[in-house]
Amino acid sequence: MKFLRRYWSLIGPSLVVLGVAIVGTFTSDSLQLQFLSVLVTTTIVVSLHVFIGNSGVISFGHISFVAVGAFAAGISTVPADVKPGTFPEMLPFLANLEIGNLPSLLLAAIAGATYAFFVGVPLMRLSGLAAGIATFAVLIITNNVFRNWEAIGPGAKTLLLIPETTGFIQATLGLIIVMMAAFAYQRSRHGRMLRAGREDPPAARSSGVHIYRQRLWAFTLSGLLAGFGGGLLVHLLGSLTTQQVFLDLTFITLAMLVIGGIGSLWGAVVGALFIAGLNSLLFNAENGIEIGALQLDLPTGSRLVILGLVMLLVLLFRPDGITRGRELTWPFRASP
Amino acid sequence: MTEPSAILEVDHLEVRHGTVPAVLDISLTINPGEVVGVIGPNGAGKSTTLNSIMGLTKASSGDVRLRGQSIVGMTPEKISRLGLALVPERRHIFGEFTVEENMRLGTMARRSSDGLDEDLQWVQTLFPIVKEFSKRIAGHLSGGQQQQLAIARALVSKPDLILLDEPTLGLAPSVVTVLFDALAEVRKSGVAILIVEQRAQQAIAFADRTHVMRDGRLTMSLRPEDATDTERLTAAYFG
Amino acid sequence: MTTLFQALVDALALGALFALVAMGLGLMFGVMRLINFAYGELITAGAYALALTGGLSTWARVGVAFAVVTVMALLMDVVFRPLRSATPAAMLVATFALSFLLQNVAVVVFGTRGNAIGFLPELNQAISIGDVKIRWVTIVSIVTGAVLLSLMALLLSRTTIGLQIRAAAADFQTARMLGVRTNRVVAMAFVLAGGLAATVTLVLAVQRPLATPTFGFMIVIPALVGVVVGGMNRLVTATFGGFVIGMATGLLGNLLPSGSRVFLNSALFALVIIVLLVKPNGLFVPGRAPAGERL
């Protein structure tokens, strides 16, 4: 019992995630895809939280790490006999590479972490809006390079024939592993030092907290998790274009985090589940659905309008997010 | 209990920052032309009281009445147009604007544009730097000069009551004397003054009466005669 | 030599345009500390207004466009009031949500194919000065930019409302305490920003035949980057930052060898990163103090 209580801020959200996954397995095939997409998106949002939530620095570039991870996992699992034909410019070692599902996820994580470290070394000196714009620049550059440097990326073409190995087990397990990592980091010395640096930089510095170093740690870790998320993503979709890991995904994941509440793991999960869930609901409503006695049939395109409106309203009335940045609390009263 | 002729009545004012109380149950009255001082140690809540009266900080409970009219909850823009002016702690002059532009901003809250020239002249005789340095960038003035500018800026809005938050903070004694001389003239002109100070002795000597504030409350009242009574002063601050 | 001159002139026009957008963004940031992603939607709204008034005289069309944009700007002011005390992250996402929302409203109402604008297409014709060909619209851009920026500068430095706007931007609380009616000042800033947006719409409309849902969005992103690179906290530096980004984009676009031209954005944004690493507060802001935790 005590164990449950101590780790409740991890276990609680994990149970919610499990619940969502289990419900998903009982739905029709087309709906299953949406559930899986929700789970993978949540993974990405949690990886965002690891850095943004703990450091207080807004990174607009994290989807670069998702992209790097996704393309690493994707390119390395597309059958080697297919690649040279479709991608004549690709580097030979990449074209000939063909590994299994789990190794590709590991590769995605490592690729994400490496790129994040490389980017973080210069950028973690920055704070505030300068950091935001600099990380945004990284996003633009990453996308530009993948789109035009055909030696390592698919260019403007779609990367196809990626094994679709992300089913409910992979998606749920993947998300829970990422949540565990986020939780562990949050509770660790590093996490606490970073948050101290966010709350009160001078005080933290005089207590020996090296803010740059802690930020770099968090950035690299979140890059690893984001890359991993990219791997999960690409194995769900089976195909990938550079546009799918660019501006739209950046803003929607950031919005999910902010709307859920930046500071907490629970906030990341709530925000992702809420917005992704709403998105799915509206997507289905555009095709006409029945909820109990209600017949919902929305005009095409109104999904995004409603989504934008909901996001805006939440932020206007609850600027610090649905969870207000707080973790999920133990629902029962303390034992006497 | 309420004197209709009082300029300002603070009635059991309470101000909280979140859950932390900064001001607890402050009541005081200022009559037209009076000079009232408030002294006390750092963190006593003096600035918060002034900011709350001016509407910059929200009061949690209690009332503030200006000439009988309740101003609690009003915006600072509105309050400034009712004859109240604040010279904030650390002056808050617009450092990138010229002295003249700072003064122009001071005139925004005037209740009437009549008499602006006379008032301006009077302020300029009190604080010659206003005219002398009118084209200079305010941020280039010395601390004492900036303080004079801040007071001049408040005066040119023609208030009935001027709130001064630690006007002598960081100033050399010679500059302080000049300041208090000018304030004496302000008092002569009939403007009421509420002055918050750390330089206890000067404030007590200058004001008609001085209240001591500690931990958000007013503890005792001192008169000019008490300015040299070190025992009473020590008791006020530390007792 | 002529290529350089040509590139310079084109870049100057682009710079002028970006400067106007940056000034609008800077105004809203100055008085409200609001980073407004939805600013581009004002430009888009103006474009649709022009597209829908094709039958009217040119001046009438201009009038309608200005009116529509101004009303929208004032509505934005009202909508964003609750955000005045929000965190920068919430502000960014909220303004982006509005931008996202409005873009998709345009998609639902007008569709994605675009509406023909047909506004002063004659200005796309070029005149020849020696070997150099300059389109009329390029000259108009530069002149309009210069004139508008000068007018704004005069307004801000010489008028009472300009003084109030500057005061609110410098120290909002102190301005209030002195009696500045900050609600009016903020509204005025939005109206001025709207005017700038409408002008940008007119200049863009000449060069782009179709009003689309993303008409304005695409120019706001680089302009916003320019504002930060130049220095967010002061209108002058923000505007200049926008100008520099515009010029850099134009010059790089023209001067990069055609094979590398696809990497224009990478080159530009790599420069942005370098600038931010060296001068995080803004290129034109003196000193190298670490980026103020204003954010």
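Trainee: How do you know that chain A and chain B do not touch?

Mentor: Two residues are in contact if their C-beta atoms, placed from the backbone, lie within 7 Å. The nearest C-alpha atoms of chain A and chain B are 15 Å apart, and these chains do not touch. Bear in mind that this is a predicted model: local features need pLDDT of at least 70 and side-chain atom pairs count only at pLDDT 80 or more, while totals for chains, interfaces and linings use all residues. Residues are numbered from 1 along each chain as its sequence is written, and chains are lettered from A and ligands numbered from 1 in the order in which they are written.

Trainee: Which of the two pairs of chains in contact shares the most contacts?

Mentor: That is chains A and C. As for chain C with chain B, 13 residues of chain C are in contact with 19 of chain B.

Trainee: Which helix gives the most to the side of chain C that touches chain B?

Mentor: α7(C), with four residues. Both α6 (160-170) and α7 (172-177) of chain C supply at least two residues each; helices here are DSSP runs (H or I, at least four residues) and strands likewise (E, at least two), numbered from the N terminus.

Trainee: Why is chain B called as compact as a globular protein of its length?

Mentor: Compare two values. The radius of gyration is taken over C-alpha atoms, and the globule rule is 2.2 Å times the number of residues to the power 0.38. For 239 residues the rule gives 18 Å, and chain B has 17 Å, which is close, so the description holds. Chain B has nine helices and ten strands, and its C-alpha atoms fill a box of roughly 50 × 40 × 35 Å along the principal axes.

Trainee: What makes α9(C) and α10(C) oblique to each other?

Mentor: Their angle. Axes are lines fitted to C-alpha atoms, for helices over the stretch in contact, and angles run from 0 to 180 degrees between N-to-C directions. Under 35 degrees counts as roughly parallel, over 145 as roughly antiparallel, 65 to 115 as roughly perpendicular and the rest as oblique. Helices α9 (residues 217-230) and α10 (residues 235-255) of chain C pack at about 125 degrees, with axes 7 Å apart, and they are therefore oblique.

Trainee: Which residues of α9(C) and α10(C) meet?

Mentor: Among them are P222(C), V225(C) and V229(C) in α9(C), and F240(C), V244(C) and I245(C) in α10(C).
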